[in-house]
Structures are given as structure tokens and as C-alpha cells.
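Let's read this structure together, one feature at a time. Have the sequence and the 3D view ready.

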Amino acid sequence: MIRRTVSCLAMCLSAVMPLFAGNTDGQFRKILDEIERNSTTLAVYGKSTEAQKIGNRTGLAPENPEIELGYLPGIHGGARKDIGISQSFDFPTLYSRKGKLADAQNVSADLQLRSRRMDLLLEAERCCIELVFNNALAALYSRQLDNAKAVADAYERKFRHGDATRIECNKAALNLTNMENELKKVNLERRQLLSRLTMLNGGVPVEMADTSYNPVRQLPSDFRAWVLEAEAANPAFAYLRQEIEVAKKGVGVSKAMGLPKFSVGYAGEFTPDEGWQGVKLGVSIPLWENRNRVKHARAEVAAAEQAMDDARLQYSARLEFLFEQCRELTGNISRYESVFEKNSNDELLYRAFTGGELSLLDYLLELEYYFNSYEKLMQTQRDLRLALAELYAYEL
């Protein structure tokens, strides 16, 4: 039983250590690409964007022509016939500015779609990171469960031979039950993560059995310069910048709407004895209709610029927090790994146990503490990956 316990420990540690060895780059790229192709949510965003872009280009043409026909019978016979055809149109400057506004709105719609795509893929990447952690945890708990079963069986045999008490047997059985419950909880979390990934993948099942992460990328040396680079590449900020441009073009449209409107057409009036026909011209001067329109458009520009400043401030603060968190987590991982490399606790515990320095129960408690330390290392590694994923989300 003792040899089996140590063997289980060795297998457990061999399963955990690859979590920090790393494999090739682009670990989740295949899954993320598949989600991008299959996501029904992204498909909805795409259709909505197309509809929005069509709507932005609607209403740019002149108003519809108007035709009037009149037939007025006389009291003493005869009738008067009236014909009118007219076409009204805005000042030419307004059409040009409306077209540029629509173009800017379409660019904004595309950037919003890119921003939504980034958010969805970041969520998927977080699920993948959590899934790798839970896969490794399940492997760790599975081997701990094997160890707990061996211990429970050994105590049961000892009890039958009178070498152990019922209290000791109950403790071993309770340890086995706790381990079974922990493994069930982790497997439930794994199923939930796979279910979430499947939903993000448009209902297509996703499978991932990885128990290790890629090598950690180096943090930038110049944080301030990197924040500017990240902001420039982030589609969410590109969308906010474009919204300011849209608001500014809206000011131009509002100003142009204060220019006169014109109409031109043909008018004819015919009686049994005589007829009149010719061209008619009209002009509409917007004296009251556009009141406060320009003021409102300028307020929209100010609001968009304020939103940009607020987003920039929050983004910078969030990245700074994540940056410092990554540095701290990296240091914690290094200290954990240094301790585990220099101290073979499993061998020390085994020698202490076989030498009679530890009872079997004390040995199992120390072994549990050793496993818990490795679990903390795994948690720290996961937290680092989650922070890095958010830091570099703009690259998705």
C-alpha cells in the first residue's frame, strides 16, 4: 500500500508539471477560429450590421415627385382642367454631407462588429483557460482519489486484523468521500465550460482535453508606450473614435439643413375657351423648423468626445492593474516552482514515514498539504493566463 501511495503521488506530479512546461503557440486558435465561423451570435451581429448599413444609406435621394390633376365642372357647362407636376430638392450641399455622414456611419457599424467579435472571442478564450485548469485539476483529483481508495482499503484491512481503530477507518473513509465529491465538482465545472463553448460555437460540440498552457509571453518593458499601442489597435477605441467623426459630420448635416429647399415643376390650367401652362418655381426657407438642430449636433460631438476620454481613462487604469497583477503572479509562480524544484517533499515524507517519524495519518495529512500547494500553483498559473488574455484581447 505504501509503494502504491508513493506511485500515485509520482503519477499525480507528472500530470501537474506539464501545466507549467508549456507547448506550442496558438493553443486556442483553432477553437477560436471555429467559434468565429460557427457562432450564431456573431451571425446575428453581422446581419444586424448589414441592415444598419442599408438603413444609413436610405433617404439620401431627393423627395418623390408630386403630380396633381384637377377637374372642375362649371355650373353652366364646361369644365376646367388643372395639371401640376413638381419636384422638390434640398440644397446640393446637404446631399453631399448626408452621403459622407452615411459613409462614416457604415464605417462605425463595421468597427462595432469588430468590437463585438473581440468580446465574444475573449469570452471563449477565458472558457478555454478555465477548461485547461479544470482538466488538470481533474487529473490531479483522479490520482488523489486512487490514493484515498488505497488508504481506505488499507485501514479497513488493519481494522479487521486489530491494528487500527474504527475512528481511523472512519477518517480514511471520510477522506475518500471528500475526494470523490471534489472530483465530481470539478467534472461538473468542466461540463459547464464545455457547454458554454458549445453554445458559443453555434451548438457544435467542442472538445478539449489539454492539461497544460503555452509558454507565458513576456510583458512589455515600457508600459505607457504599450498602452498607447494597445489603444490604437483595439477595435472598441476605433469605434469610439469613429463615433466622434460621425457626430462631427452630423454637425455639417445640421448646418446644411438650414439652407433653403427648392422645387421646380410644370403647371397647366385649361378651360373650353383658353389654356395656360408653364414652369413654376418654389423655395422653402427653414426659419423655425431647424431651431436648436445645430446646437444639438454639437452637444452630440461633446458627448462622444467625453465618452472617448472616459473609456481611455478606464482602459488605461484596467491595463495598469492587469499589468501589475501579471508581474505579481509571475513572481508567485517562480517562487512556487523554485521551492518544488529544490525540495523533493514526496521523498522526504516517504522516508519520514518508513522511518517511523510519521504515522500513516500524519503522512496522509502532509501529503494532502503537498497536493494543496500544487493546486495553488495551478490556480496562480490560471489567473495569470486570464489576466494576459484580457491584456492582449485586442490581438484576437
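Q: Which residues is Asn201 in contact with, beyond its neighbours within four places in sequence?

A: Contact means heavy atoms within 4.5 Å. Here, Asn201 is in contact with Glu34, Ile35, Asn38, Ser39 and Val206. Before we go on: this is a predicted model, where local features need pLDDT of at least 70, side-chain atom pairs count only at pLDDT 80 or more, and totals for chains, interfaces and linings use all residues. Residues are numbered from 1 along each chain as its sequence is written, and side-chain values use heavy atoms, leaving out hydrogens and water.

Q: Where is Asn201 found?

A: Look in the loop between α5 (166–200) and α6 (223–233). Helices here are DSSP runs of H or I with at least four residues, strands are runs of E with at least two, and both are numbered from the N terminus.

Q: Is Asn201 buried or exposed?

A: Buried means under 20% relative accessible area, exposed over 50%, and partly exposed in between, using a 1.4 Å probe and protein chains only. Asn201 has a relative accessible area of 0%, so it's buried.

Q: Which residues are buried in helix α2 (residues 29–38)?

A: Those are Ile31, Leu32 and Ile35. They're on the same side of α2 because they cover an arc of only 95° around the axis, taken from the directions from the helix axis to the C-beta atoms. What covers them includes α4 (92–160) and α5. The face turned away from that buried side carries the exposed residues Lys30 and Arg37.

Q: And Ile67: buried or exposed?

A: Ile67 lies in strand β1, and its relative accessibility is 61%, so it counts as exposed.
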